[in-house]
Amino acid sequence: MKQSLMTSMVSTVIRRSLCVCGLLIGLIGCPEDHSSTPGAMPTLSASLIQQAYLKASNSASNDDFGFQVVLDGDTLVAGAWQEDSNATGINGNQGNNAAVASGAVYVFIRTGDAWSQQAYIKASNTGAGDRFGTSLALSGETLVVGARGESSAATGINGNQSDDSMSDSGAVYVFTRTGSTWAQQAYLKASNTDGGDRFGSSVSLSGETLAVAANREDSAATGVNGNQGDNTATDSGAVYVFTRTGSTWAQQAYLKASNTGGGDLFG
């Protein structure tokens, strides 16, 4: 009696473990329930198959296509942060490689089981070394792209993009889709832009709220909305929260660790 009960318990543990493993590697379905047959081994009911092989429309050596990827429904976005064209905006000239490591983003859509490229996206102020596509976030019809190496001295929303006096300060670009057409909605910078902060090193989007990390920001502030001007904690890092009302973005909060320290790379 005890041995039969123990065998049943072990079988149940194995069955449940394999079910969890199946979920983790993307398998569909779980093993059959064998609880009435102690000792029987479970079987997996599905397997993975490759649906598509995707490449950039202007593949080139060292572009790092796929450095970042995000998927939402039938839309997949791939970043190539080392792509070199000097195009700007949507579906520009991909063939002029005059802006080394400026970066690009590619949007693919699925119809049935067929994938196709929908858009080739560049920053509105493409510059060499900007690394547009460092980070990506996709939610519904909104795409957010970080460019950690962008160098403008602008602050806040839709500032002056052309003053490149803050090397590697970083920027974030928001794009929206109407039907099959993409357009840039906003150009976001930190409220305390500074050289080397790498604003846009990572991004996260949920609904109308966007969080942007600047993992090398230097202020010694702690907590929420502290003093942004005291740069005595080198590379401590910061996070900026933005919210959208209609099509208008605004910064809601400036976040620091509760125990800010130099080199922490918060964010």
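A polar contact is a pair of N or O atoms within 3.5 Å; within protein, one atom must be able to donate a hydrogen and the other to accept it, and residues adjacent in sequence count only if both atoms are side-chain atoms. The model is predicted, so local features need pLDDT of at least 70 and side-chain atom pairs count only at pLDDT 80 or more, whereas totals for chains, interfaces and linings use all residues. Residues are numbered from 1 along each chain as its sequence is written, and side-chain values use heavy atoms, with hydrogens and water left out.

**Gln118**

Gln118 lies in strand E4; strands (E, at least two residues) and helices (H or I, at least four) are DSSP runs numbered from the N terminus. With a relative accessible area of 18%, Gln118 is buried, where buried means under 20%, exposed over 50% and partly exposed in between (1.4 Å probe, protein chains only).

| Side-chain pair | Polar contact |
|---|---|
| Gln118 and Arg177 | 3.0 Å |
| Gln118 and Trp182 | 2.9 Å |

Leaving aside residues up to four places away in sequence, Gln118 touches Asn91, Val107, Phe108, Ile109, Arg177, Ser180 and Trp182; contact means heavy atoms within 4.5 Å.

Strand E2 (residues 75–80) pairs with strand E3 (residues 104–111) in the antiparallel sense over six bridges, and Phe108 in E3 is the bridge partner of Leu76.

Another open sheet of four strands has the order E5-E6-E7-E8, and its pairing is antiparallel. At its edges stand strand E5 (132–139) and strand E8 (181–188), each with a single partner strand, so one side of each is without a neighbour in the sheet. Strand E7 (residues 171–178) pairs with E8 in the antiparallel sense over seven bridges; the bridge partner of Thr176 in E8 is Ala183.

**The chain as a whole**

The protein chain has one helix and twelve strands. Of its 267 residues, 41% count as buried. Among contacts between residues at least 6 apart in sequence, 57% join residues at least 24 apart.

Terms used
Two strands pair if DSSP finds at least two bridges between them.
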